[in-house]
Amino acid sequence: MSKLDQILVLDPPSDLKFKGPFTDVVTTSLKLKNPSDKRVCFKVKTTAPRRYCVRPNSGVIEAGATVSISVMLQPFDYDPNEKSKHKFMVQSIFAPSSTSDMDSLWKDAKPDDLMDSKLRCVFELPCENNKMNDVETSKAASVMNSAKSEPSAAAAPTATSAAALLDDTEMKKVMEKCKRLQSEMNKLADENRQLKDDGTRMRKMARSDHATSNTAGLLGREAGSASLPSLLVVIAAIFMGFFLGKFIL
């Protein structure tokens, strides 16, 4: 006789996800639904019984009813490089008419009457979830940016050429201003040299006039000094002629 398929519907069906941080108790829920018209007994087992607390870990589900089970992971040091190997198994069996002794029921159950489902434990940290969201967001943003950059890339040469024309115009204006300033500076330099030359000539002329006046004064004094003896001789001759004529007469 082949093994019976699981009659219960599990939610989640295959993975029990525990979201960290794992410095405190982390709880996740497992729902068992009985879609049949019979009562079903269930039992939850795990490969790491010291790490988990399951409430309830066994019981009876009425026909068409659902049971919610809390699976509590105890605090531990999480290593992201270590994949979880913990597993859960949900066993079920159709309940007999009398279910007063559950231990005897599971102990005396035949393997062909048992139905089971296995679940894998998955540990997740908030930062890992955020990284996945960030990756998706960055991908979407890159697509949007690439779409926006296409028209801007087409307009880039026009903007660049306009900027180049403006730069050339401004450069021409600056060169013209520099030329005008250079010519004005040359004019000022020429005027300064002319003023220096005029000042030199005037100083030379003043010196020559002063020398000429000094020479004339010296000549006048020499002439005066030279004519003084001649005048004395004439006066002496007149007096001598006067006296000689007086004595002769």
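**Figure 1. Overview of the predicted model, with two helices and nine strands.** Helices (H or I, at least four residues) and strands (E, at least two) are DSSP runs, numbered from the N terminus. The elements follow the order β-β-β-β-β-β-β-β-α-β-α from the N terminus. Of the 249 residues, 20% are buried (under 20% relative accessible area, with exposed over 50% and partly exposed in between; 1.4 Å probe, protein chains only). The accessible surface is about 18600 Å², and carbon and sulfur atoms contribute 60% of this surface (Shrake-Rupley method, 1.4 Å probe; for residues, only the protein chains shown count as cover). Contacts (heavy atoms within 4.5 Å) were counted between residues at least 6 apart in sequence, and 71% of these join residues at least 24 apart. Because this is a predicted model, local features need pLDDT of at least 70 and side-chain atom pairs count only at pLDDT 80 or more, while totals for chains, interfaces and linings use all residues. Residues are numbered from 1 along each chain as its sequence is written, and side-chain values use heavy atoms, with hydrogens and water left out.

**Figure 2. Antiparallel partners of E7: strand E3 (residues 26-33) and strand E5 (residues 52-55).** Two strands pair if DSSP finds at least two bridges between them. E3 and E7 are joined by eight bridges. Here Thr28 stands opposite Val71 of E7. Arg55 faces Ser70 of E7 as its opposite residue.

**Figure 3. The open five-stranded sheet, E2-E9-E8-E4-E6.** Its pairing is mixed. Strands E2 (15-19) and E6 (58-61) are at the edges, each with a single partner strand, so one side of each has no neighbour in the sheet. Neighbouring strands are turned by 25° against each other on average, direction ignored (axes are lines fitted to C-alpha atoms, for helices over the stretch in contact; angles run from 0 to 180 degrees between N-to-C directions). E2 pairs with strand E9 (residues 115-124) in the parallel sense, over five bridges. Phe18 has Phe123 of E9 as its bridge partner.

**Figure 4. Thr99 in the loop between strand E8 (87-94) and helix H1 (102-108).** Leaving aside neighbours within four places in sequence, Thr99 contacts Arg39 and Cys41. Thr99 and Val60 are 39 residues apart in sequence. Their C-alpha atoms are 8.7 Å apart.
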